[in-house]
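I opened my notebook on this one today and started with the open space in the fold. Here is what I looked up, in order.

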Amino acid sequence: MSRETSTTMTSAPAGPGTEPDELRSLLRHSRDLILRSQAPSGALPAAPTYRVYQYCWLRDGAFIAEGLSRQGEVSAAQAFYAWCARIIEARESRIESLVVRLRQGEQVPGSDMLPTRFTLDGDEGTDEWWDFQTDGYGTWMWALQQHLSRHGGDPEPYRRAVQLTTSYLAAAWSLPCYDWWEERQEQRHLSTLGALDAGFTAAQQLGLLDERQREEAAQQQAALRKVMNTEIAGQGHLVKWVGSTDVDGSLLALVAPFGLLDDQAAAATVEAVERDLVRKGGVYRYLEDTFYGGGRWPVLAGFHGLALDRLGRTEQAWEAMRWMTSTATPGGDLPEQNSDLLLHPERYDEWVEKWGTVACPLLWSHGMLLSLAAGLGVTV
Ligand code: BGC
């Protein structure tokens, strides 16, 4: 039995300095907020009250659903995966034609590739966006596999969607694309490659690929790992993109929950991120971040906590969780980023003028709190 299902809040040691009642009520609020915000279609909006985030991102949605799944919200998590399967199947002929074009070596423009976010009804919307990002397509398969292995359930309804996603990624993984932060389209980002690595493994474990697809996935995954390992060999830890020496907070996810690194590379990656990007318990995205002045992100503190727990630094994992909870509004909402200790405070106002104040609540922040709490043995 996993730690998260064997212990409840009332019996779990609360961890150093934690207020058990406050934490429990924040977890309940997080769960209820996500469930209330989930569309009848199963889609999970990034931020229900923030104008530009009224869409469902595969990346955010998968991590939110993972938080629900880890906290035992089986049907809501499943409704999200079923929604993913429907939006992918609805694009079957487009995906098949993209795969053919990519295999033939055509330089397919990013605008032809699959989008990163969808309306809650599964359309693509009309707003311009930094759409070509592949990580979410790996992450949803990873989350689905985690969910089914945790709670059981029939993988069969996901067969076609997993097959289509896998062949799309097998053809597209090596292309530069926007990263988790929807930036730097010209680079090959290690966090993106990590999400695809996790996705390839999940697709194979789900047992839904035919022989030829399984071989192709394994072959492409091996090539992808070679790229990641070369970067690790160069710097001793993961780096922001191929050829970079910098780190990015999103790399923590490759330590945990994706679990892609051996102990040495995992410890070195966490250390490098802590050296450059962790301040007073919170984690910055990267040093040049100017979005709303570049604050520290609760989502990243969630990944940091999971990574610390994976390294056996459990007390510090609790500290990361405490920092996350310290960013909550009096009503319990978690923001996309905390607006103190900004890296570039002079760049804050321009974003408020453009898009309004920082997104709050951000469901991904709440989903990460649910995941980290579960990882530390605390269930709602
Ligand atoms: C972040 C993305 C996120 C999106 C929706 C963007 O500002 O950079 O990582 O998927 O917001 O939450």
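I sorted the lining of the largest pocket by residue class and got 13 nonpolar, one polar and eight charged residues. For that sorting, Ala, Val, Leu, Ile, Met, Phe, Trp, Tyr, Cys and Pro count as nonpolar, Asp, Glu, Lys and Arg as charged, and the others, Gly among them, as polar. A note on what I am looking at: this is a predicted model, where local features need pLDDT of at least 70, side-chain atom pairs count only at pLDDT 80 or more, and totals for chains, interfaces and linings use all residues. Residues are numbered from 1 along each chain as its sequence is written, and side-chain values use heavy atoms, with hydrogens and water left out.

The lining has 22 residues, and Tyr53, Trp181, Glu182, Arg285 and Phe291 lie nearest the centre of the pocket. Helix H3 (58-70) and helix H14 (348-355) are the elements that give two or more residues to this lining, and H14 gives the most, with three. Helices here are DSSP runs (H or I, at least four residues), strands likewise (E, at least two), numbered from the N terminus. My terms: on a 1 Å grid over the protein atoms alone, a pocket is an open set of points where a 1.4 Å probe fits, with protein on both sides within 12 Å along at least five of seven lines, and lining residues have an atom within 4 Å of a point.

I found Phe118 in strand S2 (residues 117-118). Is Phe118 buried or exposed? Phe118 is buried, at 1% relative accessible area; the cut-offs are under 20% for buried, over 50% for exposed and partly exposed in between (1.4 Å probe, protein chains only). Beyond its neighbours within four places in sequence, Phe118 has contacts (heavy atoms within 4.5 Å) that include Leu58, Trp83 and Arg91.

Arg91 sits in the loop between helix H4 (74-89) and helix H5 (92-103), and counts as buried at 12% relative accessibility. A polar atom of its side chain lies 2.7 Å from the backbone oxygen of Ile87.

Most residues other than glycine have a negative phi, and most peptide bonds are trans. I noted a cis bond joining Ala256 and Pro257, omega about 15°, and another cis bond from Cys360 to Pro361, omega near 5°. Lys280 has a positive phi of about 45° and is exposed at 68%. Tyr292 has a positive phi near 50° but is buried at 0%.

Definitions and conventions. A polar contact is a pair of N or O atoms within 3.5 Å; within protein, one must be able to donate a hydrogen and the other to accept it, and residues adjacent in sequence count only if both atoms are side-chain atoms.
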